[in-house]
Structure formats: structure tokens, C-alpha cells
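Let's take a walk through how this chain packs together.

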Amino acid sequence: MAEELARRMGPFKVKFVGDTYKNFVEGLKTDKYDLVMNDMTPTEIRRKQVDFSIPYGVEVFRIFVRKDNSDITSKTTLAGKRVGVSTGSSNESWAREHLTESDIRGYDNGALIFNDIANGRIDAVIISHFGGMKYAHAKGIPVKEVGEPLTYQLAAAALPKGQEALKAEVNKVLESMLSVGTVERISNQFVGKDYKMLDSIAAAKQELAAEGK
């Protein structure tokens, strides 16, 4: 997505900078990055610190457990369980707000969460569907999704405050990518051919509207 955005805007060459999730907002505020495209949800707290583009994607958050786990089947069965989340992410804030009877454990690295679920140090992971499947396949960890989707969270590009010209250009290009099917094509290529990104974006917006946000 970032490479396609840069190609249409410039063309520019993208320089990717690896970092932990909790550092993204601070990195934008200190000019470490020009743009963050890592499925960041434009939450109210983040909007006070950085700006966001229009949504280009969505995270469908699910519960992942080991395949041999039969105790956890839904949100209600997470009470008293050790639940791993990515530190500083919207899945962490959602879990701490909605899973008050669970032992929420933050990790700076998503791969470490899945190492710990494989080793039995935690009982479950809250993460997006395709984020979870990516780690599971990369590490060969026997995990499965259980229960219904917990929540939908929109993903947008994050920018430093005050970069109005950059934000306008990013939005213009993303609107084009959404309307001509580029976003859907990229999501089909990297998430799965049956994945309907635009339908999921619409579902996320509907959930937000129902919550009055």
C-alpha cells in the first residue's frame, strides 16, 4: 500500500523504517518518519497528537488460541485467562477496556506473542485476522481463531500535525486507489483472494456510527 501510494504521488522511493508499534506516534512528532502506514487506527487519543488520512483498510480483531485449547471459545470465556496484545496498539486499548476480568499482557513484538502462546505462557492473543494468520504461518505455530469478530477497527495513514498539503495529497491518491479497485486488488493479493476489504471498511464505519463515534 505504501509503495503504491508513493508511486502515484511522486513517484517517490519509500524508505521503510522498522520500529515497535508504541513508538509510531512519537516518531511522527519528532520527524523520525514522514508517514506511518502500519494499520494504525485513528483513535481520539491519537488524533490529538497526529493527523490521519481517510481509511484505506480495516482490522477485524479476533481471538487466537492454540489448536489444542478447548476452554476458550468466545469473549466471555476469556475471564481469568492470560491474553497477549501488542503494546501501544488499538487491540491493547480495546482489550483493557472490554476484557476487565482477563490478565492482559503487552508485548513490543507481535512475533513474541505467538512464541508465548506456543510455549503456554499465555492462553490467547487478540489480534487482527490477517495479522494473526501471518504470524502463525511464518512461525508454523498451531493456532486457531475462535468466536465471532470482536470489533472492526479502521486503518489509516498517520502524519505529523500541520502537514495539510501532504494530507490532502495522500487523501486524493487513496480515494483514487479505493474507487478504481486498487485497494481491493492489493488486499486480495496479500490477505486472500476472498477477502472483501471495502465491505469490511463499510462494516467498521457502521459499527462506529452505531457507537456514536
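Leaving aside its neighbours within four places in sequence, which residues is valine 58 in contact with? This is a predicted model, so to speak of contacts here is to speak of computed ones. Valine 58 touches Phe130, Tyr152, Gln153, Leu154, Ala155, Tyr195, Met197, Ser200, Ile201 and Ala204.

Val58 also turns up in the largest nonpolar core, a set of 21 residues in which Val58 and Val170 have the most contacts. Two or more residues of this core come from each of α1, β2 (51-66), β6 (143-159), α7, α8 (182-190) and α9 (197-210). Helix α7 gives the largest share, five residues. There's a second, separate core too, with 15 residues, including Ile72, Val85, Ala95 and Ala124.

Now for the helix pair. The axes of α1 (residues 2-9) and α7 (residues 164-179) come within 10 Å and cross at roughly 110°, which makes α1 roughly perpendicular to α7. On the α1 side you'll find Glu4, Leu5, Arg8 and Met9; they meet Leu166, Glu169, Val170, Val173, Leu174, Ser176 and Met177 of α7. Sorted by class, that contact has seven nonpolar, one polar and three charged residues.

| Strand pair | Sense | Bridges |
|---|---|---|
| β1 (residues 36-40) and β6 | antiparallel | two bridges |
| β2 and β6 | antiparallel | twelve bridges |

To find your place in these pairings, look for methionine 40, which sits opposite alanine 156 in β6, and for phenylalanine 52, which faces alanine 158 in β6.

Technical notes
Residues are numbered from 1 along each chain as its sequence is written. This is a predicted model: local features need pLDDT of at least 70, side-chain atom pairs count only at pLDDT 80 or more; totals for chains, interfaces and linings use all residues. Side-chain values use heavy atoms; hydrogens and water are left out. Axes are lines fitted to C-alpha atoms, for helices over the stretch in contact, and angles run from 0 to 180 degrees between N-to-C directions. Helices (H or I, at least four residues) and strands (E, at least two) are DSSP runs, numbered from the N terminus. Angles under 35 degrees count as roughly parallel, over 145 as roughly antiparallel, 65 to 115 as roughly perpendicular and the rest as oblique. Contact means heavy atoms within 4.5 Å. Ala, Val, Leu, Ile, Met, Phe, Trp, Tyr, Cys and Pro count as nonpolar, Asp, Glu, Lys and Arg as charged, and the others, Gly among them, as polar. A nonpolar core is a set of buried Ala, Val, Leu, Ile, Met, Phe, Trp, Tyr and Cys residues joined through side-chain atoms within 4.5 Å. Buried means under 20% relative accessible area, exposed over 50%, partly exposed in between (1.4 Å probe, protein chains only). Two strands pair if DSSP finds at least two bridges between them.
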